[in-house]
Amino acid sequence: MRPSNLQIAWSHALPHIVLGAAIFVVCLGFAMIAARLGRATWLDAYLTSVLYAKTNTALLFIACGLGLAAALTISRRFALLAGGLVAAVGAAMIVEHLTGVSLGVDELLVRDLRSPHNPYPGRMSPNTTLAFLCAGLCIAGIKQSWRKSWQIGALELLAFLVVALGIEGMLAHVDGIERAYRWSDYARMALPTSVGFLVLGTGLMALGLQTFPCTARIPLWAPALLCFTVLMGDIATPRGVAAGIAYIPLIFCSLWFTRPSTAFIFAGIATGLTILAFFAKVPTAIAAEIFIANRVITMGALWFTAVLVYLRRKTEIALTEALDQRASAQKDLAKREEVFRVTFDAATVGKVQSDPETGRIIRANRAFADMLGYEPDELVGRTGWELTWPDDVDIEKSDYKRVLGGEIHAYVREKRYIRKDGTPIWGRVSATIARLPENGQPNIAVAVVEDIDERYKFEVALQAAKHDLEGVVVERTTALEQRDLLLREVYHRVKNNLQIIDSLVLMQIRQLADEDAKYALQSLRSRVYALGLVHQQLMGSDDLQTFNIAPFLEQLSNNLMRASAGRNISLSVQAIPLNVGLDFAIPLGLLVTELITNSLKHAFPNGTGAIEVTLAQSGAGNIDLVVADNGKGYPGAVIGSCQRKGLGSSIIDGLVAQLEGTLLVESAHGTRTEICLAAPLRA
Amino acid sequence: MNGLSRSVLIVDDEVLIALGFRIQIEDMGLPICGTAATSDQAVSLAQKHRPAVVLMDLRLKGDRDGVDAAMAIHETVGSKVIFVTGSREPATIQRIHTDHPFALLFKPVSDREMESTVAAAMASG
């Protein structure tokens, strides 16, 4: 249960009330004893009637006061003792009242000589006894570990009963003690005793509120009991005003209730009771109009009080709400501030806030300070320009001015800062200015700074490496170009020389008459031509080292067919595309030259036939060169070598060996020469 | 072809190569009107003899090369020029094609190539 605002407001006053009540009650008890024992003339004259009370009453008041103070401060065990004693005496006297037997507690310590007309001298009145019983139980129980709502309610009820009995005693005196005694025997109570109970009861109620701060409240039965008591008094006394005014505490009870309008409800109840009392016992002693006027004045006072209480509660509620709102707004603000602080301080990028006009740093986070080798506090009050590398200041200042002037919203720039040790460090700063929402004036400059030093140095190194590499590439390219140039020149000269050799042979042929010799030299020309053709292919290739052998073989074979001029011999060349180098192409070209030349010379005595040249892939990465004719063939096949021992066959054997190939010659239907070679490694 | 003789002019700064070509042409039964080693010589001989076909080497003695000579001859005489070169460099080939060569032969030139090309040049005239 949420404590009412009044409980909160009065909580600090509660112990004082309790303590005050305890002291008052103890003092009252001693004063009563003093009055009884003193018998001083002045005391008799002025105070005896005021402080008149039985000795037991005085003693029990002292015990109650001590118990109350003990419950508040010293120990609950003493409170239990004092309360238990009071309750025991009270209970014993109640038993005496009910049964008529004497238990010997009437004159406990002192003989009562003041009430000779009393049949039971020293015995307290039933109301007083009941009140002490309640007070004793309450004192004994309030500091025990009772927390159930009915236990708390019972304790509060006891405290309230003490108050109510005190009020009843006082009301009796308002109307005259004789009348009160007539009204009921039980109502008898000395005036100081009733005041004492009023104070004691108040102290007990305050102690209850203090002990159960979150649960204690004035329960509805409290005002109800008050109403009952006052109504009884009202009916018993015809004065009207005096009794009705006693409803005013009821109105104040509404202070404990949440709804401010409770004051009006209570005022209504009190009004109803006042009217009820009027009709319950129409007075005869006083004029009716005076009596009615009294009641109207009473009701007016009640309603006036109710309005005041209502307004007080209203104001209080409004005030409380305002305070609550402010507190929650402050809480929100603190929360936002905390979130901002954490994001600012804990960020891994540098963050800086500075005055937009002077540029002085107001706040810098740890990441920024670490980047520059400072503590965050050391940076406060310095300007960003002081921390910027001199060469980078001017250009950034122009950016900043544009932002300050509202020309651009923000800028991003890569620049150097000066570290504490004087060395430069590269950072990427993003800066903007926050403006006041009301007039757009610059409020604060905000910058986020990333440490890009590593990256920047890396980029610079990368650029340098790239530049070096480009230089190397240019050098290598130049070297390659020079090499190409040189190679072309060499091939050119080789070919020119081959052409010279060809010319020399040609001239030699002119000088010869012998046909065999001429034929031999023509064969030589074919071989020289094969060499020249290889170089020609090489010169035309992209890398000057390898070329496709298929067109080479075609051109070579076709050239050799010139020797068949005038005969009907066909040629077909089937070659797979194969990139070869000089070392492979020259032997292969010479082989084809020899084989075709052989076929042309020997195979076709009747001048008709066909020659097939095939270059194909065979298994296991080998290639097969086959030169076959459909001519007459040799008498009897020879496998592995050429049959005749001529220059051509030596060349063929030698070249096959050079290429680490195998040779297979068949001449069943024409001559078929198959040479199996390992495929050349790609250059 | 107007006013051109059925003869061949051989231009090559290598005397032996020129001799070899001469034999090849003679074997075809065609007359040789002369051999030249320089560009100027080639142009003057061409203008003098007006050959139908010129066998032109690209590299010649002197400042000017075979293409210069070929262009002059093409301009003034109108002979068919057959380039014979040892080079197959792209730059060289490109240079040759700035003129209007009838054909391009690469050294060493076989009899078969020589015969067919020269015969074609003669026939085209």
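Hi everyone, let me start with one pair of residues: Gln353 of chain A stands opposite Val446, which sits in strand E5 of chain A. Before I go on, please keep in mind that this is a predicted model.

Strand E1 of chain A, residues 350-354, runs antiparallel to E5 of chain A, residues 442-451, and five bridges connect them. E5(A) has another antiparallel partner, strand E4 of chain A, residues 424-435, this time over nine bridges. E4(A) and E5(A) make a hairpin with six residues between them, and in the turn Gly440(A) has a positive phi of about 75°.

Let me step back to chain A as a whole. There are 23 helices and 12 strands in chain A. Of its 683 residues, 35% are buried. If you take contacts in chain A between residues at least 6 apart in sequence, 68% of them join residues at least 24 apart.

Now, the nonpolar cores. How many residues does the largest one have? The count is 58, and Leu68(A), Ala135(A), Ile139(A) and Val162(A) are the residues with the most contacts inside it. Six helices of chain A each give at least two residues to this core: H2 (14-38), H5 (55-72), H6 (76-99), H7 (126-142), H8 (149-174) and H10 (191-211). H5(A) provides the largest share, 13 residues. As a general remark, nonpolar side chains in soluble globular proteins tend to be buried together.

Leaving aside residues up to four places away in sequence, Val162(A) touches Ala131(A), Cys134(A), Ala135(A), Phe197(A), Leu200(A), Gly201(A) and Leu204(A). Apart from this core there is another one of 43 residues, including Val534(A), Val573(A), Ala575(A) and Ile611(A).

Leu571(A) has Ile611(A) in E9(A) as its bridge partner.

The crossing is right-handed. On the H20(A) side the residues that meet H21(A) are Ser526(A), Tyr529(A), Ala530(A), Leu533(A) and Gln537(A); facing them in H21(A) are Phe552(A), Gln555(A), Leu556(A), Asn559(A) and Leu560(A).

On to the contact between the two chains. Chain A puts in 21 residues and chain B 17. On the side of chain A that touches chain B, H19 (453-511) and H20 of chain A each supply at least two residues, and the largest share, 13 residues, comes from H19(A).

I'll end with some backbone details for those of you who like to check torsions. Lys107(B) and Pro108(B) are joined by a cis peptide bond, with omega about -10°. Pro108(B) is in the loop between strand E5 (103-106) and helix H5 (111-124) of chain B.

Then there are two residues with a positive phi that are not glycines: Glu660(A), at about 55°, and Arg50(B), at about 50°. Is each of them buried or exposed? Glu660(A), in the loop between H23 (647-658) and E11 of chain A, counts as exposed because it has 8 C-beta neighbours inside 10 Å. Arg50(B) lies in the loop between helix H2 (39-49) and strand E3 (51-57) of chain B, and with 20 other C-beta atoms within 10 Å, Arg50(B) is buried.

Terms used:
Residues numbered from 1 in each chain as written. Chains lettered and ligands numbered in written order. Predicted model: local features only at pLDDT ≥ 70, side-chain atom pairs only at ≥ 80, totals over all residues. Pairing = 2+ DSSP bridges. Helix = DSSP H or I, 4+ residues; strand = E, 2+ residues; numbered from the N terminus. Core = buried A, V, L, I, M, F, W, Y, C linked by C-beta atoms within 7 Å. Buried ≥ 20, exposed ≤ 12 C-beta atoms within 10 Å, placed from the backbone. Contact = placed C-beta atoms within 7 Å. Left-handed = near helix turned anticlockwise from the far one by under 90°.
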